[in-house]
Amino acid sequence: VWIDLESAALNDDLTKTADYSLAIKSIQQLSLEIHCLTIEHFSERILEKFEALYGDVPIQITLEKCSPPIDGFNGSVSITRSRNLHLL
């Protein structure tokens, strides 16, 4: 999430930064509530949650599926999605 953190950095002011615990708790809750087949859909819902929390700011996420159900494959798969990067 790209937001202006200069005031928080200069003044050590918590009210001028993003509360990342809200994002983490929101994703944790979403993971308990949602049932989906694709990481693409889950990533869309995460982006929606981030926009609800932080507004229309540039956002980029990478979502990794550690054990995809692919016969003979022991690796992971990931996708990277973004929104509002034109605002950078």
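Reader: Which helix holds both Phe50 and Tyr54?

Author: This is a predicted model, so everything here is computed from it. Phe50 and Tyr54 sit 4 residues apart, about one turn of the helix. The helix that holds both is helix 3.

Reader: Is Tyr54 buried or exposed?

Author: A residue counts as buried under 20% relative accessible area. Phe50 has 10% and is buried. Tyr54 has a relative accessibility of 16%, so Tyr54 too is on that side of the cut-off: buried.

Reader: Which element gives the most residues to the largest nonpolar core?

Author: That core has 15 residues, and those with the most contacts inside it include Phe42, Ile46, Phe50 and Tyr54. Ile59, Ile61 and Leu63 are also among those with the most contacts. At least two residues of the core come from each of helix 2, helix 3 and strand 1 (59-65). With 6 residues, the element that gives the most is helix 3.

Reader: Leaving aside neighbours within four places in sequence, which residues is Ile59 in contact with?

Author: Ile59 is one of the core residues with the most contacts inside the core. With neighbours within four places in sequence left aside, its contacts are Val1, Trp2, Leu47, Phe50, Glu51, Arg81, Ser82, Arg83 and Leu85.

Reader: At what angle do the axes of helix 2 and helix 3 cross?

Author: Two packed helices are described by the angle between their axes and the distance between the axes. Helix 2 covers residues 20-33 and helix 3 covers residues 39-54, and their axes come within 10 Å. The crossing is right-handed. The angle is roughly 145 degrees.

Reader: How many residues in the contact of helix 2 with helix 3 are nonpolar?

Author: From helix 2 come Tyr20, Leu22, Ala23, Ser26, Ile27, Leu30 and Ser31, which meet Phe42, Arg45, Ile46, Lys49, Phe50, Leu53 and Tyr54 in helix 3. Of the residues in this contact, 2 are polar and 2 are charged. The nonpolar count is 10.

Reader: Asp12 and Asn84 have positive phi without being glycine; which of them is buried?

Author: Asp12, with phi near 50 degrees, lies in the loop between helix 1 (6-11) and helix 2. Asp12 has a relative accessible area of 73% and is exposed. Asn84, with phi of about 60 degrees, is in the segment after strand 2 (77-83). At 18% relative accessible area, the buried residue is Asn84.

Reader: How far apart in space are His35 and Asp56?

Author: His35 is in the loop between helix 2 and helix 3. Its relative accessible area of 72% makes His35 exposed. His35 and Asp56 are 21 residues apart in sequence, and from C-alpha to C-alpha they are separated by 26 Å.

Reader: What distance separates the C-alpha atoms of Phe73 and Ile3?

Author: Gly72 and Leu22, 50 residues apart in sequence, have C-alpha atoms 38 Å apart in space. Phe73 and Ile3 are 70 residues apart along the chain, and their C-alpha atoms are separated by 38 Å.

Technical notes:
Residues are numbered from 1 along each chain as its sequence is written. This is a predicted model: local features need pLDDT of at least 70, side-chain atom pairs count only at pLDDT 80 or more; totals for chains, interfaces and linings use all residues. Side-chain values use heavy atoms; hydrogens and water are left out. Axes are lines fitted to C-alpha atoms, for helices over the stretch in contact, and angles run from 0 to 180 degrees between N-to-C directions. A crossing is left-handed if the near helix is turned anticlockwise from the far one by less than a right angle, and right-handed if clockwise. Contact means heavy atoms within 4.5 Å. Ala, Val, Leu, Ile, Met, Phe, Trp, Tyr, Cys and Pro count as nonpolar, Asp, Glu, Lys and Arg as charged, and the others, Gly among them, as polar. Buried means under 20% relative accessible area, exposed over 50%, partly exposed in between (1.4 Å probe, protein chains only). A nonpolar core is a set of buried Ala, Val, Leu, Ile, Met, Phe, Trp, Tyr and Cys residues joined through side-chain atoms within 4.5 Å.
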